Amino acid sequence: NWLWSLRSSAGLKGSELEDLWSLLPSLPLSSSFSLSPSSVLGLGALASITAYWLVTRPRPMRPPCDLKAQSVAVNVSEARRSAILKDDTLLEFYYDDTRTAYDMFQRGLMISGSGPCLGFRKPGQPYEWISYTEVAEQAQVLGSGLLAKGCQPNPEQFVGIYAQNRPEWIISELACYTYSMAVVPLYDTLGLEAMVHILNLAEISVVICDREEKAASLLENKEKGTTPKLSCLVLFNDFSQAFVERAKSCEVEVLKLEQLMPPQPQDLAVVCFTSGTTGTGSFEIQQDDVSISYLPLAHMFERMIQVSMFCYGARVGFYQGDISLLMDDIKTLKPTFFPVVPRLLNRIYDKILGSVTSPFRRALLNYAVKRKQAELSSGVVRNNSLWDKLVFNKIQESLGGNLRFALTASAPISPAVLSFLRATLGCLIFEGYGQTECTAGCTFSMPGDCSTGHVGAPLPCAMVKVVDIPEMNYYAKNGEGEICIRGPSVFRGYLRDPEKTAEALDSDGWLHSGDVGQWLQNGTLRIIDRKKHIFKLAQGEYIAPEKIENVYMRCVPVLQVFVHGDSLQSYLIGIVVPDPEVFVDWAKDRGFVGSYEELCQNPDVKKAVLEDMSAVGREARLNSFEQVKDLYLHPEMFSVANGLLTPTLKSRRADIRRHFQEQISSMYSKKAN
């Protein structure tokens, strides 16, 4: 009886009770039995061990809702909302007194005060930190200088920021928020044509730059008469008197800054320009839309996370600018929160597996991963187990040893990689989904849910539904269709482009994403296809190339891939850029020797890559007509610089098709012959 009482009071499971019972000595069960001194001592020791185990045993995480029903249907066009919400009213503000980007930083300032806010380092040097108080003071000076020179403290005043991602960028952004001005980020990767388009479309008169060289490039456009509205430049770094004189000659003034005015929640906060794949687009975000950064991800995602981190008084460190030193920066910073793109997680996964060479160590790693995954399935997330200390300690230390949360987004991640890293890193790893037009995120995996193959349930700020796509045989009645989002996080529209706005936002305020989703039984969403860029093969089969490309990206030797098809052809072909970090070793393991460029020209290597891609495609259950039948190995990465990627690192499909037209024609003609 006392044992069963112990079970109910301690919350023991049946299996745990059996383990405890097995430790007990054989005792008579009659009511008149007596214990010897050794039995009493044994029971005392057992009681002590039991008490210690009960106190120190890992506690499962309590999820915020039933993981078997993470979203709830609402009576609005078959939409679903987060099960965390009490009713169908969406969450607009997490804190009632924090409704703008300005409020978020002020809350962090109140929490942290003189604590570290923005960090930077020079190669080989320790991080230097600017406190919240110092950041606030510098933002005031910057903003007041803009006012003194005629900038208007209202959301119709667009201010461009053309600078490297560094503390001064954030200070400039906060200065604009402080004075209700709208921020327009500018980047080197946009290119001259896009830069001119943005400056003119947004009628930007003031641009904040980091270096004289960047400001000089803007002056060149002004001198040519292509950016007539430009009249003010503000620089972080020192600049020459010759530059000042040149600016005056084209009626552009170089500024310093001062003063302050709090913004209103309905005011515009950001006008961010997306590259798109068919043209240049922009979107507006209200002050109170800015919700949720850290390392260099897609620009919008980065901005949102940074702003929300300030809300909690967090410190944000910027990497040195050399991608080869990125892991060193992470180890030095010892971050607790790590937003990361799947590509980097894949590299961490490959590096871990590649470092385990002996059969014994590999068997030990696999067993340790299985034991940790068993804990995860019961809701236990920790980094202090026996397996963490024996097997995973070095892995966790490589990321600073202080990681508590990680977030992956912007592209699909392999379920095997996600499950493996959740076990080895000993922290919560969430997967999110969204797009720039809904302020980065609309779904998010739930704390305590260790399942994979989905992107979580709707966030409390968004309703999500799927709508029919008859031409692709997806129907909402089957829980499949184009993903649509509605809620306070959805953008107002594309800046001064009502036609494109009408294409993205319907009359009921639903944002049409172009992605195809499927509702799972537990209320989570799975991304299964892509509506945009679909085309039809000669036999009438519809093809979504981006879906196929995401599958092929799981191949070890593949860094980038472009899948092409033609309505006059019955099969697909591909352009593949092998991963230079692994391709040579991968080929060597298969008996091929040569430089990276030589291997790309080797037809037998191409055949081996094609076989590997086909195997991954079969594993992902691609149909036969969705598998590429031939490919071309290209030794140069698709990039923004060569015009094959957009500034948000999406493929410029039309440009890639034109660039490789000779290879595409050759592959089709070879098959025909």
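At what angle do the axes of helix H13 (residues 359-377) and helix H15 (residues 415-425) cross? The legends below answer this and go on to other close-ups of this predicted model.

**View 1. Helices H13 and H15 cross at roughly 90°.** The two axes come within 9 Å. H13 and H15 are therefore roughly perpendicular to each other, since angles of 65 to 115 degrees fall in that class. On the H13 side, the contact is made by Leu365, Val369, Lys372, Gln373 and Leu376. On the H15 side, Ser419, Phe420, Arg422, Ala423 and Thr424 take part. Sorted by class, this contact has 5 nonpolar, 3 polar and 2 charged residues.

**View 2. Helices H4 and H5 pack at an angle of about 140°.** H4 covers residues 101-112, and H5 covers residues 132-148. Their axes lie 9 Å apart. Only angles over 145 degrees count as roughly antiparallel, so H4 is oblique to H5. H4 brings Phe105, Gly108, Leu109 and Ser112 to the contact. H5 brings Tyr132, Thr133, Val135 and Ala136. By class, the contact of H4 with H5 has 5 nonpolar and 3 polar residues. No charged residues take part in the contact of H4 with H5.

**View 3. Strands E13 to E17 form an open sheet of 5 strands.** The order is E13-E14-E15-E16-E17, and the pairing is mixed. Which strands stand at the edges? They are E13 and E17, each with a single partner strand, so one side of each has no neighbour in the sheet. Inside the sheet, strand E14 (residues 405-408) and strand E15 (residues 428-433) run parallel. They are joined by 4 bridges. Leu407 stands opposite Phe430 in E15. Helix H12 (residues 342-355) lies across E13 and E14. H12 runs at about 105° to E13.

**View 4. Strands E24, E25 and E26 make an open sheet of 3 strands.** The order is E24-E25-E26, again with mixed pairing. Strand E24 (558-564) and strand E26 (628-633) stand at the edges. Each has a single partner strand, so one side of each is left without a neighbour in the sheet. On average, neighbouring strands here are turned by 25° against each other, direction ignored. E24 pairs with strand E25 (residues 572-578) in the antiparallel sense, over 6 bridges. Phe562 stands opposite Ile575 in E25.

**View 5. Helices H17 and H20 pack on the sheet of E24, E25 and E26.** Helix H17 (residues 545-552) touches E24, E25 and E26. The direction of H17 makes about 155° with that of E24. Helix H20 (residues 603-619) also touches E24, E25 and E26. The direction of H20 makes about 135° with that of E26.

View 6. Leaving aside neighbours within four places in sequence, Lys331 is in contact with Glu397, Ser398, Leu399 and Gly400. Is Lys331 buried or partly exposed? Its relative accessibility is 47%, so Lys331 counts as partly exposed.

**View 7. Ser180 and Lys334 have positive phi, although neither is a glycine.** For Ser180, phi is about 65°. Ser180 lies in the loop between helix H6 (167-178) and strand E6 (182-186). With 2% relative accessibility, Ser180 counts as buried, because the limit is under 20%. For Lys334, phi is about 50°. Lys334 is found in the loop between helix H11 (326-333) and strand E13 (337-340). Lys334 is partly exposed, with a relative accessible area of 44%.

View 8. The average pLDDT is 83, and 84% of the residues score at least 70.

Notes: Residues are numbered from 1 along each chain as its sequence is written. This is a predicted model: local features need pLDDT of at least 70, side-chain atom pairs count only at pLDDT 80 or more; totals for chains, interfaces and linings use all residues. Side-chain values use heavy atoms; hydrogens and water are left out. Helices (H or I, at least four residues) and strands (E, at least two) are DSSP runs, numbered from the N terminus. Buried means under 20% relative accessible area, exposed over 50%, partly exposed in between (1.4 Å probe, protein chains only). Axes are lines fitted to C-alpha atoms, for helices over the stretch in contact, and angles run from 0 to 180 degrees between N-to-C directions. Angles under 35 degrees count as roughly parallel, over 145 as roughly antiparallel, 65 to 115 as roughly perpendicular and the rest as oblique. Contact means heavy atoms within 4.5 Å. Ala, Val, Leu, Ile, Met, Phe, Trp, Tyr, Cys and Pro count as nonpolar, Asp, Glu, Lys and Arg as charged, and the others, Gly among them, as polar. pLDDT is the predictor's confidence in each residue, from 0 to 100. Two strands pair if DSSP finds at least two bridges between them.
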